[in-house]
Amino acid sequence: MKIIDIESWERKKAYKWFSAFSNPTYAVTVRLDITEYINFKKANNRNFYADFLYLVVKALNTVPALRQRIEDCGVVEYEAPNPSITVLMPNQTFETCKIPYKQNADDFVKTVREYIDYTQKFGGNKDFNDDKNDVYYFSCLPWLDYVQISDPIPDDIKNASIPRISWGKYVEENERWKITLNVTVNHALVDGKHVSDAINQIQKNINECKSIL
């Protein structure tokens, strides 16, 4: 983690401007083509959720602005934030589970399964329960192919600096497989160019999934 010197930061003006807003967040929703991954998944019996989570987090971590958070000490940049996901419990409620990000895809997929299994059995986090903001918040609606979604944003400026990512049900359209992805960010830290870079990298990772996973 590194602390950013706001006074010499190239985003000083934008940061101070948007930080004064009561809600400085905005969302971008896109339609992704995941045909390459679905074909790969079918041929190799892969787990969609863990694989897709890895491809997305790997892409987000390539964009420094997406790794920045507002903390008590100011603005910081984390090296590789971890996914914090929602887990569907047996009683149809949800629990939050923070999962350590792994650079190796196989290690990450295995870890996702272990942490989800633990949360569904015992609730809470397996062994990674801290209050650091070095996370991305993830949720998904695999039962619904939606075109737009919004996230509830707390008044807490630190929590509101954490990107929120969600996706819906993947469906077949004209012999291609598509999925809706939504990314919500804080404009004090993240501009449209940064979001575009991240989303384009996500699509690139999907296209190149055979060599990544």
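Q: Which residues does Asn61 touch, not counting residues up to four places away in sequence?
A: Asn61 touches Arg67, Ala80, Pro81, Tyr101 and Tyr136. Contact here means heavy atoms within 4.5 Å.

Q: What kind of model is this, and how are residues numbered?
A: This is a predicted model: local features need pLDDT of at least 70, side-chain atom pairs count only at pLDDT 80 or more, and totals for chains, interfaces and linings use all residues. Numbering starts from 1 along each chain as its sequence is written, and side-chain values use heavy atoms, with hydrogens and water left out.

Q: Back to Asn61. Where is it?
A: Asn61 is in the loop between helix H3 (48-60) and strand S3 (68-71). Helices (H or I, at least four residues) and strands (E, at least two) are DSSP runs, numbered from the N terminus.

Q: Is Asn61 buried or exposed?
A: Asn61 counts as buried because its relative accessibility is 12%. Buried means under 20% relative accessible area, exposed means over 50%, and partly exposed is in between (1.4 Å probe, protein chains only).

Q: Now H3 itself. How many residues does it have, and how far does it reach?
A: H3 has 13 residues and reaches 18 Å from its first C-alpha to its last. That is close to the 18 Å expected at 1.5 Å a residue. The expected span is 1.5 Å times one less than the number of residues.

Q: How many residues of H3 are buried?
A: 12 of the 13 are buried, so H3 is largely enclosed by the rest of the structure. Among them are Phe48, Phe52, Leu53, Val57 and Leu60.

Q: How does H3 pack against H5?
A: H3 and helix H5 (residues 192-207) pack at about 135°, with their axes 8 Å apart. Axes are lines fitted to C-alpha atoms, for helices over the stretch in contact, and angles run from 0 to 180 degrees between N-to-C directions.

Q: What does that angle make them?
A: H3 and H5 are therefore oblique to each other. Angles under 35 degrees count as roughly parallel, over 145 as roughly antiparallel, 65 to 115 as roughly perpendicular, and the rest as oblique.

Q: Is the H3 and H5 crossing left-handed or right-handed?
A: The crossing of H3 and H5 is right-handed. A crossing is left-handed if the near helix is turned anticlockwise from the far one by less than a right angle, and right-handed if clockwise.

Q: Which residues make that contact?
A: From H3, Phe52, Leu55, Val56, Lys58, Ala59 and Leu60. From H5, Ala198, Gln201, Ile202, Asn205 and Ile206. By class, the contact of H3 with H5 has eight nonpolar, two polar and one charged residues. Ala, Val, Leu, Ile, Met, Phe, Trp, Tyr, Cys and Pro count as nonpolar, Asp, Glu, Lys and Arg as charged, and the others, Gly among them, as polar.

Q: And H3 with H4: what are the angle and the axis distance?
A: H3 and helix H4 (residues 105-122) pack at about 125°, with their axes 9 Å apart. They are therefore oblique to each other. H3 passes H4 in a right-handed crossing.

Q: Which residues meet there?
A: Tyr49, Ala50, Asp51, Leu53 and Tyr54 in H3 meet Ala105, Phe108, Val109, Val112 and Ile116 in H4. By class, the contact of H3 with H4 has nine nonpolar, no polar and one charged residues.

Q: What about H2 and H3?
A: Helix H2 (residues 35-44) and H3 pack at an angle of about 140°, with their axes 11 Å apart. That makes H2 oblique to H3. Tyr37, Ile38 and Lys41 of H2 contact Phe48, Asp51 and Leu55 of H3.

Q: Last one: where is Cys209, and what is it in contact with?
A: Cys209 is in helix H6 (residues 209-212). It counts as buried, at 0% relative accessibility. Leaving aside neighbours within four places in sequence, Cys209 is in contact with Glu36, Tyr37, Phe40 and Leu55.
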